[in-house]
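Try each task before reading its solution.

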Amino acid sequence: MTAVALAITDGMLHYELSVAVEVFGTDLTHIVDPWYDFSLCGSGPVHVGRFRLEPDHGFEHLAHADTVIVPGWADTDRDPPAELVEAVRAAHAAGARVASLCTGAFVLGAAGLLDGRRATTHWAHTRELARRHPVATVDPDVLYVDNGDVLTSAGKAAAMDLCLHLVRLDHGSANANKIARRLVIPPHRDGGQAQFIATPLPAPGNHPLGELFPWALERLDQPLTVEDLARQARMSSRHLGRHFKHLTGTTPLQWLHTQRIRHAQELLETTDATVDTIATATGMGTATTLRRHFHRSVGVPPDTYRRTFRP
């Protein structure tokens, strides 16, 4: 997935567009070499808010890309340009992985790429997306959805989550986390190839669980329970659950599970430790348990994952 093309046209949202440029269009060969071959594709000069962009290629170039990114579409009451819709459809037919950011999902919907698939967009527009594309399953509660060759994200920050998810798929968890640190944002929120959505870690801040998260991350090898977390946080289990739901969008145990899987990915990428050793280090107990949960969350067995992301 080395060639990334950003489809641009008048009327797109500048934040989502700039997110894609920052992740894929910045020279990050000091982290991953080679990095992406990035290009802007459009029919001519484009006005995005107060900015004016000059495309590198016409829309026909989208069909030559490995990954096509469609930023947010500002006016969802208006149909996206037919030439953009056709170019995105043709790129997908040619084998490109197509991802929309925020309301860019309306472009994918117009291209027929959401039919029969699960999708999402900004929560304020999910009802309209579902009305226009009844064959799609629109989920208003998730950060992003990965269908393999068609991906959609919710709004604003979730666009960054999806972009980092794509980097993770292509270059591994360790490199995606390096980029997240470079951008001074929390480790990216995991979507997963099995459409598993969770928030591993909220942004640092003055909240009731501010000391609990690092404490738990240092003890992933231990059989932590909700009661253990509640005791450390000095609150009841029910109160802890409410805080977790508010801060992470998930339960304490699901959060722990996500951290263990993420830690296993990093160990598979960066060490020669056996699967048994990694199972112990991540609190999974046995290699069999790790393999089962890892495959379910990531979509491939640990050994396959290691072969993919180890040099």
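**Exercise 1.** In which loop is the place of Lys 156?

Solution. Lys 156 sits in the loop between strand S10 (150-153) and helix H5 (157-171). Helices (H or I, at least four residues) and strands (E, at least two) are DSSP runs, numbered from the N terminus. Next, check the backbone: Lys 156 has a positive phi of about 50 degrees, although it is not a glycine. Finally, classify the residue. Lys 156 counts as partly exposed because its relative accessibility is 38%. The cut-offs are under 20% relative accessible area for buried, over 50% for exposed, and partly exposed in between (1.4 Å probe, protein chains only).

This is a predicted model: local features need pLDDT of at least 70, side-chain atom pairs count only at pLDDT 80 or more, and totals for chains, interfaces and linings use all residues. Residues are numbered from 1 along each chain as its sequence is written, and side-chain values use heavy atoms, with hydrogens and water left out.

**Exercise 2.** Find which strands S5 is joined to by bridges.

Solution. Strand S1 (residues 3-7) runs parallel to S5, with three bridges. Strand S6 (residues 97-100) is also parallel to S5, with four bridges. Strands pair if DSSP finds at least two bridges between them. Now locate Ile 69 of S5: it stands opposite Leu 6 and opposite Ala 99 in S6.
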